[in-house]
Amino acid sequence: MIDLTMDMEQFDCPFIDTSADHEVTFSTMHWQLDTAAEQLETRLIAEAPDRWELDAGLTALREHPNMSDYRLFSKQDGTAVIRTVIEETNAMSTITGHDGYITGPFHIEDGSELWQVGFDDEATAEEAVVDLEKGNEFDIERRSELELNQLFEIMNHADAASTLLDACRDLSEVEEETITTAADAGYFESPREATLSTLADEFDVSTAAVSKNMRRGEKKLLRSVVQALEDLD
């Protein structure tokens, strides 16, 4: 199986058009492609800085000419859960025409969409990419080849992966930035290429503050790693 992560800019996608014109993002929770009807049904989370921008984005999405059906499930502040049915886009048609399939969730932001799609072999994937270039703009962010046993292993360990993902989301902005900067600077290398003092200078705070933020973030991540290891067992 060839798995591709693509940053896609379709020219006939309601979500991409809406996110290009409004400060709203879309992330899929569920999707179902009906090749016979040439439609894609999705349940998504829509997010915006405030409810006014969210309302403007949802209105534009609902009125898009390629939108076949729209339903609002819930809305609070700048977040909404919606169900949509859209007409098959050129890119979707190309993917399914080469026996491709969706392998992961979509994320749409600032006029582009992060796609996760798979093909059974390298030759088919290459043919699909060539055809996609005829009517779409995209970059292949990641390309990986998975054996079926690897794919099943990933599916069987979804709980462990979810635990790690939740821990990353639980990090505060300061904790995430501190750990990321420390890693990039070589703080975790042996010997260390950065110290608490150099990190403190980077953030213009005391070494005690850097150390505190680091420990908090590490504690959250380490707790999740232990839980993930238990899930793997």
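Predicted model: local features only at pLDDT ≥ 70, side-chain atom pairs only at ≥ 80, totals over all residues.
Not counting residues up to four places away in sequence, Thr178 touches Phe203, Val210, Asn213 and Met214.

## The protein as a whole

The protein is built with 9 helices and 9 strands, and its C-alpha trace spans about 60 × 45 × 35 Å along the principal axes. Of its 233 residues, 37% are buried, and the accessible surface comes to about 13500 Å², with 47% of that surface belonging to carbon and sulfur atoms. When contacts between residues at least 6 apart in sequence are considered, 64% of them join residues at least 24 apart.

The charged side chains number 17 positive and 53 negative, and the centres of these two sets lie 11 Å apart.

In soluble globular proteins, nonpolar side chains tend to be buried together. Here the largest nonpolar core holds 34 residues, and the members that touch the most others are Met6, Phe15, Phe26, Ile82 and Trp115. Apart from this core lies another, of 8 residues, which includes Ile179, Ala194, Leu199 and Val210.

Met6 touches Ile95, Glu113, Leu114, Trp115, Val117, Leu132, Phe138, Asp139, Ile140 and Glu141. Phe26, which lies in strand E2 (residues 25-34), has a relative accessibility of 0% and so counts as buried. The residues that Phe26 touches include Phe15, Leu44, Ile45, Leu61, Ile82, Phe106 and Ile108, together with Thr18, Ser19 and His107. Phe26 and Val117, by comparison, are 91 residues apart in sequence and 18 Å apart in space, taken from C-alpha to C-alpha.

## Helices with a buried side

Helix H3 (residues 90-97) has Ala91, Met92, Thr94 and Ile95 as buried residues. These residues cover an arc of only 160° around the axis, and therefore they sit on the same side of H3. After H3 comes Asp99, whose phi is positive, near 60°.

In helix H4 (residues 122-132), the buried residues are Thr124, Ala125, Ala128, Val129 and Leu132. Seen down the axis of H4, they fall within an arc of 135°, so they line one face of the helix.

## Backbone features in the loops

Most residues other than glycine have a negative phi, and most peptide bonds are trans. Asp77, although not a glycine, has a positive phi of about 55°, and its place is in the loop between strand E4 (67-76) and strand E5 (79-87). With a relative accessible area of 55%, Asp77 is exposed. Asp204 also has a positive phi, near 60°, and is likewise not a glycine; this residue is found in the loop between H8 and helix H9 (207-232). Asp204 counts as exposed because its relative accessibility is 71%, where the cut-off for exposed is over 50%.

A cis peptide bond joins Ser190 and Pro191, with omega about 5°. Pro191 is located in the loop between helix H7 (173-185) and helix H8 (196-203).

From C-alpha to C-alpha, Ser162 and Ser224 are 9.6 Å apart in space, although 62 residues separate them in sequence.

How values were computed:
Residues numbered from 1 in each chain as written. Heavy atoms only, no water. Helix = DSSP H or I, 4+ residues; strand = E, 2+ residues; numbered from the N terminus. Buried < 20%, exposed > 50% of the residue type's maximum accessible area, 1.4 Å probe, protein only. Contact = heavy atoms within 4.5 Å. Areas by Shrake-Rupley, 256 points an atom, 1.4 Å probe, with all protein chains shown as cover. Lys, Arg positive; Asp, Glu negative; His and termini not counted. Charge placed at Lys NZ, Arg CZ, Asp CG, Glu CD. Core = buried A, V, L, I, M, F, W, Y, C linked by side-chain atoms within 4.5 Å. Arc of directions from axis to C-beta.
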